[in-house]
Amino acid sequence: MGRFKSSKPRRDRQQAPEQRFHIDNRAVSQAEILAHGEHLSNSVDDHGRLLYMNTPSLGLGQVATGIDPNTGAVQTTDREDPMPVALFEPERAMMSRLRGGVPKEIQVEGAISAGMRRFPDVIADLRTIPGWTLHRLDDDRLELRSPDGGVYSRIAVPASPGWYSAALHHRYVVCFYGPQLGVRTPPGSTPAQYTDAKRLEEFRTARGRGLVAGGIIAYHNNR
């Protein structure tokens with residue numbers, strides 16, 4: 001199953017259709033943008049990284065697990081294995097904007113409409129997302145599946161025994177989905193130049209633009 005179903009855009013009488021739609025800053029027709037959207041919706045193989053909540057490029061710290069009733073102190077997972085994180089970055093972004101509105105990424109909005117939560121920049125509320133699951137396949141790829149059982153995103157990442165152990169321990173993984181998570185090295189840069197600080201800057205910028213969906217997802221080891 002794809003990530004979303006393309007809806008037919010309304011015709012703008014003030015502007016020709018070929019001027020309303022663009023792919024890589026190239027004006028295209030309505031038919032071409034719909035075909036491109038269909039291709040994106042059926043392409044689930046994306047880019048990814050396996051991290052932990054305390055990884056510097058995320059700047060998140062630890063997941064709060066509760067509050068001590070006697071002291072009022074926030075309890076976290078500091079004393080346990082670090083909470084594992086999986087990043088799912090689609091190959092292409094697909095932006096949309098209604099007249100007078102702000103730009104939105106359709107694939108991120110699809111994840112949110114299916115139950116994931118938008119992960120903003122200032123105050124972020126990470127919660128368990130019912131119905132969504134993360135599956136480790138026989139070949140070590142990871143599939144992020146939506147409540148209807150469809151594969152929303154799939155990533156191939158280097159094997160990480162410690163990460164898998166943490167995922168089994170917690171039985172949940174913090175998953176983020178969006179086009180700018182700090183996964184891929186930007187054009188004109190090298191992996192060495194793309195430091196944790198620059199990855200963190202990209203992640204925070206995306207959060208501020210509303211381009212990140214996230215949640216705590218149940219983990220299934222299918223090996």
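Predicted model: local features only at pLDDT ≥ 70, side-chain atom pairs only at ≥ 80, totals over all residues.

Analyst: Residues are numbered from 1 along each chain as its sequence is written, and side-chain values use heavy atoms, with hydrogens and water left out.

User: Which kind of pair do the rings of F119 and F176 form?

Analyst: Rings of Phe, Tyr and Trp (its six-membered ring) pair if their centres lie within 6.5 Å, and planes under 30 degrees apart count as stacked, over 60 as edge-to-face and the rest as tilted. The centres of F119 and F176 are 4.7 Å apart and the planes stand at 50 degrees, so the pair is tilted.

User: Are F119 and F176 buried or exposed?

Analyst: Buried means under 20% relative accessible area, exposed over 50% and partly exposed in between (1.4 Å probe, protein chains only). By that criterion, both F119 and F176 are buried.

User: Which residues of α5 are exposed on the face turned away from its buried side?

Analyst: Helices (H or I, at least four residues) and strands (E, at least two) are DSSP runs, numbered from the N terminus. In α5, the buried residues are R199, L200, F203, A206 and R207. They cover an arc of only 130 degrees around the axis (taken from the directions from the helix axis to the C-beta atoms), which puts them on the same side of α5. The face turned away from that buried side carries the exposed residues A197, E201 and G208.
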